[in-house]
Amino acid sequence: MSVKVVLGAIAAFTAVVYGSSILAGLAVRDLKFDRSEIPTHAGMAWTPPHDSSIPRGPLGESIRRGRLIFNETPLYAPDHATAKIKCADCHAEGGMQPFASPVVAVPATFPQFNQRAGRVITLKDRIQECFVRSENGTPIDYDGEQMKSLVDYINWLSTPEPNRQQFVGRGLVSLPTLQPDPVHGQQIYASQCAGCHGQHGEGSLPMFPPLWGPNAFNDGAGMNGIPKMAAFVQHNMPQNRMGILTPQQAWDVSAYIHAQPHPAFNTAYAKF
């Protein structure tokens, strides 16, 4: 047997083992994230609403449409999402995962002052912000069907929240402010991230989104900020081994991703 054939067999075997480990890890992750008992700050368990609670008629259709847009944004809102990124990529598990910017009970927090916008914004304004920044797209109709569906979905998801109290895991974890090392971050990316997100940050659709390049979020997105991405990464990545990165490693890899090319934010949408 030639050396070339042997090396080819080894490479194929390695790819199978690596791919299997990712899938197995993701399966374990699904078991770890028990949707049936998510704590609130009062110590009570929050249970996500069951599909059977979706009402019949137009409202139910709107909720289901909103869930589709949220979980498959480029597919169900293609005219407004240039990036190949879903709402659920940043608001994980359909907006339910703690410390992954969950949207559970978020309607009760609006209207609120937004520091970036420099004004008080509504939930609809915040959704627009996601489209023009994270989706690198264009605003959806403020009073249109897509906006109504997203708001209806978020409201439905929030209904079981006891007394609409604050959801434990709101936002992201709090990390210390550290000095990032993007060179070290490149090494971390190669060993911990490239297997899913690609060697050049191109992603592996539909499961793993791009992190830089023409299909990624633009440079005006929240995830383009190193502290925010570090907080998201440290707690939620890698998906099959969540929490293995130290805060310093999360800062380093986020700085590396930040240094890669991203589309330019369209300043015509600066009000969002």
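Mentor: The side chains of Asp125 and Tyr142 are joined by a polar contact of 3.3 Å, where a polar contact is a pair of N or O atoms within 3.5 Å, of which, within protein, one must be able to donate a hydrogen and the other to accept it, and residues adjacent in sequence count only if both atoms are side-chain atoms. The model is a predicted one, in which local features need pLDDT of at least 70 and side-chain atom pairs count only at pLDDT 80 or more, while totals for chains, interfaces and linings use all residues. Residues are numbered from 1 along each chain as its sequence is written, and side-chain values use heavy atoms, with hydrogens and water left out.

Asp125 has a relative accessibility of 11% and therefore counts as buried, a word that stands for under 20% relative accessible area, with exposed for over 50% and partly exposed for what lies in between (1.4 Å probe, protein chains only). Setting aside neighbours within four places in sequence, Asp125 is in contact with Arg119, Tyr142 and Phe272, contact being heavy atoms within 4.5 Å. Asp125 belongs to helix H6, which covers residues 123–132; helices (H or I, at least four residues) and strands (E, at least two) are DSSP runs, numbered from the N terminus.

Of its 32 lining residues, His91, Ser101, Arg126, Cys130 and Lys228 are the closest to the centre. Helix H4 (87–90), strand S3 (112–114), H6 and helix H7 (145–158) are the elements that give two or more residues to this lining. By class, the lining has 16 nonpolar, eight polar and eight charged residues, with Ala, Val, Leu, Ile, Met, Phe, Trp, Tyr, Cys and Pro counted as nonpolar, Asp, Glu, Lys and Arg as charged, and the others, Gly among them, as polar. A pocket here is an open set of points on a 1 Å grid over the protein atoms alone, where a 1.4 Å probe fits, with protein on both sides within 12 Å along at least five of seven lines, and lining residues have an atom within 4 Å of a point.

H7 is largely enclosed by the rest of the structure, because 10 of its 14 residues are buried, including Met147, Asp152 and Trp156. Its first and last C-alpha atoms are 20 Å apart, close to the 20 Å expected at 1.5 Å a residue, the expected span being 1.5 Å times one less than the number of residues.

The side chain of Asn218 makes a polar contact of 3.1 Å with the side chain of Asn136 and reaches the backbone nitrogen of Gly220 at 2.8 Å. Beyond four places in sequence, the residues in contact with Asn218 include Val132, Arg133 and His262.

As for the whole, the protein chain has 10 helices and four strands, and 48% of its 272 residues count as buried.
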